[in-house]
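Please read the sequence alongside the three-dimensional view, and follow the account below from the whole chains down to single residues.

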Amino acid sequence: MTRFVLKRTGGALLVLLALSVIVYSLFYLAPGDPARLACGERCNPQQIAQVREQLGLNESTVAQYLHFLQGLVAGRDHSAGAGLVLHCDAPCLGLSYQTDQQVTDLILTRLPATLSLALGALAIWLLVGVGTGVLSALRRGGITERLLTVLTLAGTGTPVFILGLLLLMAVCAYLQWLPFPTYVPLTEDPEQWAWNLLLPWLTLGLFESAKYARITRSSTLETLAEDHIRTFRAYGVGERALVTRHAVRGAVAPVIALSAVDFGTMIGGAVLTESLFGIPGLGKTLIDAVRVVDLPVVVGVVLAIGTAVVVAGAVADLLYAAADRRVALA
Amino acid sequence: MSLTLERSAPAPGAVPPGAGAGRQVWRRLRRRPSAAVAAAVLALLVLLALAAPLVAHLTGQDPNTYHDDLVDSARGGVPIGSFGGISADHWLGVEPGTGRDLFTRLLYGARVSLLVALGAVAVQTAVGVAVGLAATLGGRTADQVIGRTTDVMIALPMLVIGIALTAVVPPDFPRPLLLVLIIGLLDWGGTARMVRAQALALRGLDFVDAARLAGSGKLRIARRELLPSLAAPVITYAAIKVPTAIVAEASLSFLGVGVKPPTPSWGQMLSSAQTWFRADPAYVLLPAGLLFTTVLASTVLGDAVRTALDPREGSRLRVGTGKERTG
């Protein structure tokens, strides 16, 4: 087990390093001149040259990347011209071209919104998805099975924003059960926080539920065919108890592992939902930064999102191994 | 002369890609009504997309002509008339705000969606096959390095990196091509992994050994022995990836980093429809319905192609009973 943990962690670190190289090279794919972008529209050549000096853009590419890594570990100073020095604390991802704000701070202020969204969605797919899966395992071959097939088919690959748009249209524009959502932080007003996030939660949660229903159902049924269940059945345990108390355990490991992956991906992949509902999370930050070519923010957010995905993947593998010891031994 | 003779000679031991096998697959495909419906829907869509300029000419409408007289400027630009301003001239109504003809815009949008998706899948398949074969034939070190790289490509959040890439590409670079490259070059990991696994299994078979003993080089083995046998799984995988690519294009365009106006795209129309769904629901429902139908049809067709080429495995879309795998 220890070996498995070490190997998996090492692999994750390697992926992160590769990601940082790829993402950092974005700076050099940029059209024109990062210094011009950082300086703004009305800079004269002298000012641009000055900014280039400050940003260290005269150094070699490798040296710049190493400085970037150094900033991540130990922080670094950015001179802002006229003797002004802006300090960027570790882990430093640079300063926004637009606002001079530290990118790390920006990410931290945007993280609660993304987490709020992801947590609610997680709760919904665990409740609705797993619930439907167990229910349809109990009633095999009935209407639930056909319904599940249709739902899975519709959910397979359909963009999440279509579901969100239709929900918005039905609930807010026509039935007028809810006002159009605007994000309210949890710390400000917990009740408004929940009401305003209800639709985004439903959108993301229901979107993912079909997959979880399918996995729960098939893992449960797979376990139901195993020998120990046959023994239970021979002892006279009822069908209902067989499914809900014994066979459903087969679904625990895959559901936990998949939830970890999806939760991690959601922190990054919820770009569409955040953008549709105007939730000021990481995904929306990325889109806004892309529109104004604010490269340090783009690079920082992509790295943060990538880290979340990679860590979630590693956590999923470890959880799966913990829940099903056969994996770690393999 | 000898060249043509060589080409027509079947690869020794490979599954003959002759008419018999093809007809069998075709028969299995036809036996599934859902596949026939999906294929018909997609065929109609492709036809309409191809004929978009012709349709525009016949209806006398251009996708980018503004009709100020067809929208009610007093009510913020809502189309005049029922259900988005449907009329004899404008079969599906007009776009709110601008009065552009919705039918031709949807058709031109289909061109973008399908073209980008098919192009991206072609790129994915080409890169995936090349990388997968290189891993199989390149020796142990190459296999290790390629395997790790493939893992990284699969783990990376494609949408996020795609969005970031659009920030740094020159604004005058053709957007549809950019989308093809982004979706194609970021999402080949699955294909490469599949090709490697299949090619490894094939490599151990007698006909490959025979070719090697007869003096065939690695490239020749890849081209003449492995590729013909890989055709079926590669086609299957490509068919399954089409809906994913359609969704990727729609997502990027929805986020405003895809195709640039005035070029229409379904994702982009949905994005601008966000402010209109109370005043003009047709403007939301039409592109949403088209996108949904296209993705659904290509998912069903991809699954049908998969089961037709490999009937041993059941359909993935049907919910399994859980007994297939435990026997």
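For chain B the mean pLDDT is 80, with 86% of the residues of that chain at 70 or more. Two stretches of chain B call for caution: residues 1-18 have pLDDT below 50, although the model gives this stretch 18 contacts beyond near neighbours in sequence, and residues 319-327 likewise have pLDDT below 50, with 20 contacts beyond near neighbours in sequence. Where pLDDT is low, the predicted coordinates should not be read in detail.

With that caution stated, the two chains can be described in turn. Chain A contains 16 helices and 2 strands, and of its 330 residues 39% are buried. Of the contacts in chain A that join residues at least 6 apart in sequence, 67% link residues at least 24 apart. Chain B, for its part, has 14 helices and 2 strands, and 42% of its 327 residues are buried. In chain B, 69% of the contacts with a separation of 6 or more are between residues 24 or more positions apart.

Where the chains meet, 41 residues of chain B are in contact with 47 residues of chain A. On the chain B side, at least two residues each are supplied by helix 6 (140-155), helix 7 (158-167), helix 11 (218-254), helix 13 (281-309) and helix 14 (323-326) of chain B. The largest share of this side, 8 residues, is provided by helix 13 of chain B. By residue class, the side of chain B that touches chain A consists of 29 nonpolar, 8 polar and 4 charged residues.

Which residues have the most contacts inside the largest nonpolar core? That core has 147 residues, and the ones with the most contacts inside it are A:Leu286, A:Val298, A:Val301 and B:Ile163. Helix 5 (residues 102-137) of chain B gives the most to this core, namely 18 residues. Taking A:Val301 as a point of entry, and leaving aside residues up to four places away in sequence, one finds that A:Val301 touches A:Ile107, A:Leu282, A:Thr285, A:Leu286 and A:Ala289. There is also a second, separate core of 8 residues, which includes B:Ala35, B:Val300, B:Leu301 and B:Val305.

An unreviewed UniProt entry lists residues 35-56, 112-138, 150-170 and 176-195 of chain B under "transmembrane region". Over residues 35-56 of chain B, the model is 95% helix and 0% strand, with the end C-alpha atoms 30 Å apart. Over residues 150-170 of chain B, the corresponding values are 76% helix and 0% strand, and the end C-alpha atoms are 28 Å apart. The unreviewed UniProt entry also lists residues 110-302 of chain B as "domain: ABC transmembrane type-1"; over these residues the chain is 81% helix and 0% strand, and the end C-alpha atoms lie 19 Å apart.

The remaining details concern chain A. Helix 10 (residues 227-234) of chain A is hardly covered, since the count of buried residues among its 8 residues is 0, and just after helix 10 of chain A comes A:Gly236, with a positive phi of about 95 degrees. Positive phi is also found at A:Gln176, which is not a glycine and has a value of about 55 degrees. A:Gln176 is placed in the loop between helix 8 (160-174) and helix 9 (190-224) of chain A. Why does A:Gln176 count as exposed? It does so because A:Gln176 has 9 C-beta neighbours inside 10 Å, where the cut-off for exposed is 12 or fewer.

A:Val293, another residue other than glycine, has a positive phi near 50 degrees and lies in the loop between helix 14 (282-291) and helix 15 (295-323) of chain A. Because 19 other C-beta atoms are within 10 Å of A:Val293, this residue counts as partly exposed, given that a buried residue needs 20 or more. A:Ala154, found in helix 7 (residues 143-155) of chain A, is partly exposed, with 15 other C-beta atoms within 10 Å. The C-alpha atoms of A:Ala154 and A:Ala210 are separated by 8.9 Å, while the two residues are 56 residues apart along the chain.

How values were computed: Residues numbered from 1 in each chain as written. Chains lettered and ligands numbered in written order. Predicted model: local features only at pLDDT ≥ 70, side-chain atom pairs only at ≥ 80, totals over all residues. UniProt positions renumbered as here; feature names shortened; annotations may be inferred. Helix = DSSP H or I, 4+ residues; strand = E, 2+ residues; numbered from the N terminus. Contact = placed C-beta atoms within 7 Å. Nonpolar A, V, L, I, M, F, W, Y, C, P; charged D, E, K, R; others polar. pLDDT = per-residue confidence, 0-100. Core = buried A, V, L, I, M, F, W, Y, C linked by C-beta atoms within 7 Å.
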